[in-house]
Amino acid sequence: MIAYTLACLPVSPRALAGPYVVDLHPLCVGVSGYAPNGGEGQSVGAKNIFSMDGVNGSITHALLQNGAAQVTDIHPTNLTAFQNSVANATDGVQQAGYGSGLRGTFVHALMWNGTADSAVDLNPGNLGINFSIASGVGGGQQAGLGSGTSTGGQFHAIVWSGTSNSAVDLNPPGIVQSMASATDGNRQVGSISSGFSGTNHAMVWSGTPSSGIDLHSTTLHGLTDSVALGVSLNQQVGYAYDRATSFYNHALLWNGTADSVVDLSPPGFTNSIATATNGMNQVGYGSGIGSEYSFHALLWNGTADSAVDLQLLLPPGYYASSASVIDAAGNIYGTAMAAGGRYAVEWAVPEPSSLFGVIVVVALVLRPQCHRPRLMTSIST
């Protein structure tokens with residue numbers, strides 16, 4: 001096991017005038033080659049490592065951060081066939097992603113339980129699948145996609161329950177291809193399509209191909225494609241767009257049916273995507289006219305008008321942000337951009353007894369030094 005220990009700079013708390021209180025304290029997240037995805041205090045990603053042997057070239061190792069001043073290399077030590085690994089998601093207990101052999105000779109979905117030697121090869125060879133990736137994890141399940149002889153070379157949505165033999169091909173009858181993006185342990189979400197250039201429809205499953213419900217709504221006139229990215233309880237979130245005239249996205253919320261769709265696109269934003277829900281609130285990001293490449297993290301409470309621009313809670317100097325996870329307690333995880341690079345961000349909710357109303361705490365984790373300012377400000381939701 002390799003641990004990357006990073007220097008943390010001591011910081012003292014201070015207060016600002018007005019309704020803002022800034023609480024600064026150190027926390028290390030680590031060096032990652034990819035934006036971290038996580039929840040429940042964990043972040044995952046990957047690190048590119050250059051091999052000096054002149055044969056293997058650059059390799060990639062999955063990384064896990066547990067909220068301490070240390071990043072752990074969780075590249076499988078018990079599965080020696082894998083040269084590369086990437087962790088895509090975590091629910092705070094398990095991590096999911098994929099690994100590959102020498103120079104990408106094979107790609108298999110992987111699952112971890114927090115350590116390098118806990119890796120599980122999820123590839124469902126029993127289903128005739130030889131290529132697979134896990135994109136989401138939650139409630140003891142892993143979600144992703146696979147392809148092989150049984151799928152005619154097309155991608156099919158897959159859900160696992162911790163082992164390769166537990167895999168279920170979720171692709172509905174008559175559908176050419178599909179993918180699963182996330183699971184909460186009971187339901188899975190993703191999309192279906194009629195082929196490589198066909199339209200995409202957001203989808204929700206309850207563990208079997210026959211349980212699939214097409215979430216794409218014809219009431220959203222002009223939006224030809226949709227994709228679901230997050231699920232919790234009976235809520236699903238994602239986005240839709242019109243491929244014929246514009247690829248600007250509209251963040252969407254569903255409650256189990258196509259007719260329940262809500263367009264979450266906030267006023268003043270021309271582009272928005274909802275990435276996750278905890279069953280009550282939704283998070284994601286969006287951008288406005290003239291700032292298409294400057295995304296702001298967003299928080300919703302079920303309607304477009306309820307949107308809160310989380311970017312406005314960040315200290316000066318951060319020009320872009322996104323939110324990728326909201327947990328059951330309302331803590332939000334994502335990333336922010338500044339001149340110095342990409343930063344891990346946590347918008348954390350303190351104990352209800354400590355403050356009146358809803359308080360959002362912004363915790364910025366600098367990489368590679370673990371300098372974490374935490375900003376507290378009250379907002380209405």
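Aspartate 225 counts as buried, at 0% relative accessibility (buried is under 20% relative accessible area, exposed over 50%, partly exposed in between, with a 1.4 Å probe and protein chains only). This is a predicted model, where local features need pLDDT of at least 70, side-chain atom pairs count only at pLDDT 80 or more, and totals for chains, interfaces and linings use all residues. Residues are numbered from 1 along each chain as its sequence is written, and side-chain values use heavy atoms, with hydrogens and water left out.

The side chain of aspartate 225 pairs up with that of arginine 243 in a salt bridge, 2.8 Å from N to O (the cut-off is a Lys or Arg side-chain nitrogen within 4 Å of an Asp or Glu carboxyl oxygen). By that rule, the count is one. Arginine 243 is partly exposed, at 30%.

## The nonpolar cores

The largest nonpolar core has 17 residues, and Val283, Leu299, Leu310, Ile332 and Trp347 have the most contacts inside it (a core is a set of buried Ala, Val, Leu, Ile, Met, Phe, Trp, Tyr and Cys residues joined through side-chain atoms within 4.5 Å). A second, separate core of 13 residues includes Ala182, Val189, Leu215 and Leu223.

Leaving aside residues up to four places away in sequence, valine 283 touches, among others, Ile273, Leu299, Trp300, Val325 and Ile332 (contact means heavy atoms within 4.5 Å).

Leucine 233 has a positive phi of about 55°, though it isn't a glycine. Most residues other than glycine have a negative phi. Leucine 233 is also exposed, at 57% relative accessibility.
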